[in-house]
Amino acid sequence: MQELIISPSVLSLDYSDMNGQIEELRKSKAKWLHFDVMDGHFVPNLTFGPDLLKGFKKASELFMDVHLMVSDPATVSKWFIDAGADLITFHLETCENIEACLALCKEIRSRQVKVGVSVKPNTSINELLPHLDHMDLVLIMSVEPGFGGQAFMADMLDKVKVLRHEIEQRQLTTRIQIDGGINEETGKQAIAAGCDTLVAGSYVFRRDIVKAIDSLL
Ligand code: DX5
Ligand code: ZN
């Protein structure tokens, strides 16, 4: 398995103290920063556009991990690539078919940006399995996308185990990311099942940031 990476979600960041929180992140062992982009259509919530990422990019050296929860990822991914995203993850549910999903993977990679594909809790990963070499990451949602602070759905770990088996068998470098309800306890379960990239929002930003991230590693 690859190095374990923690990707704190800025969805839960305290925006009344942005500089302070970025400074804490700098002191922490977090290597990535997770941006939950929501369009009010694919999910019933609305967040931010690419300018926010540009601001973080000026203030932080972290790897910019963009999670698009939008109905039109082909358009929105371009905006975030131009803003400086290092990884774009979009949802399989937004693609007409697997061919369209793979075409978007290819397009994002052609811009020298890494690509991930995400599945909601009720979506199977079976369709993705033969094509993992087209993806740098698969994101397993362990809550219904849309809001931070929800409870972890432990049965999503079955998908993680299947993915880990496939990745090891084929000696691929595709990362397995999990997102939603991650804390010290559920993070350990996710790692044991085969995740190598943990997103955490409320668990990190509602307490001492450095210590919370340490507890996930
Ligand atoms: C949910 C988002 C998550 C969210 C996680 O739609 O994709 O990234 O911020 O928040 P927590 O860690 O609080 O469940
Ligand atoms: Zn996310």
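**Notes on the ligand 1 site and the fold around it**

1. Strand S2 (32-38), strand S3 (63-69) and strand S8 (197-200) each contribute at least two residues to the shell around ligand 1. S2 gives the largest share of that shell, with three residues. Please keep in mind throughout that this is a predicted model.

2. Now to the shell itself. Ligand 1 is surrounded by 20 residues, and the closest are Asp36, Gly146, Asp179, Gly201 and Ser202. By residue class, the shell around ligand 1 holds ten polar, eight nonpolar and two charged residues.

3. Which atoms of Gly149 and Gly181 lie 2.8 Å from an oxygen atom of ligand 1? For Gly149 it is a polar backbone atom, and for Gly181 a backbone N or O atom, again at 2.8 Å from a ligand oxygen. His67 takes part through its side chain: one of its polar atoms there lies 3.3 Å from an oxygen atom of ligand 1.

4. How much of ligand 1 does the protein bury? On its own, ligand 1 would expose 390 Å², and 99% of that is buried by the protein. As for its location, ligand 1 sits in the largest pocket.

5. Lastly, a look at the whole chain, whose secondary structure consists of eight helices and eight strands. Its radius of gyration is 16 Å, close to the 17 Å that the globule rule gives for 217 residues, so the chain is as compact as a globular protein of that length. Along the principal axes, the C-alpha atoms fill a box of roughly 45 × 35 × 30 Å.

Key
Residues numbered from 1 in each chain as written. Chains lettered and ligands numbered in written order. Predicted model: local features only at pLDDT ≥ 70, side-chain atom pairs only at ≥ 80, totals over all residues. Heavy atoms only, no water. Near = heavy atom within 4 Å. Polar contact = N/O pair within 3.5 Å; in protein donor to acceptor, adjacent residues only side chain to side chain. Areas by Shrake-Rupley, 256 points an atom, 1.4 Å probe, with all protein chains shown as cover. 1 Å grid on protein atoms, 1.4 Å probe; cavity = no way out; pocket = protein on both sides within 12 Å on 5 of 7 lines; lining within 4 Å. Sits in = over half its atoms within 2 Å of the grid points. Helix = DSSP H or I, 4+ residues; strand = E, 2+ residues; numbered from the N terminus. Nonpolar A, V, L, I, M, F, W, Y, C, P; charged D, E, K, R; others polar. Rg over C-alpha atoms; globule rule 2.2 N^0.38 Å.
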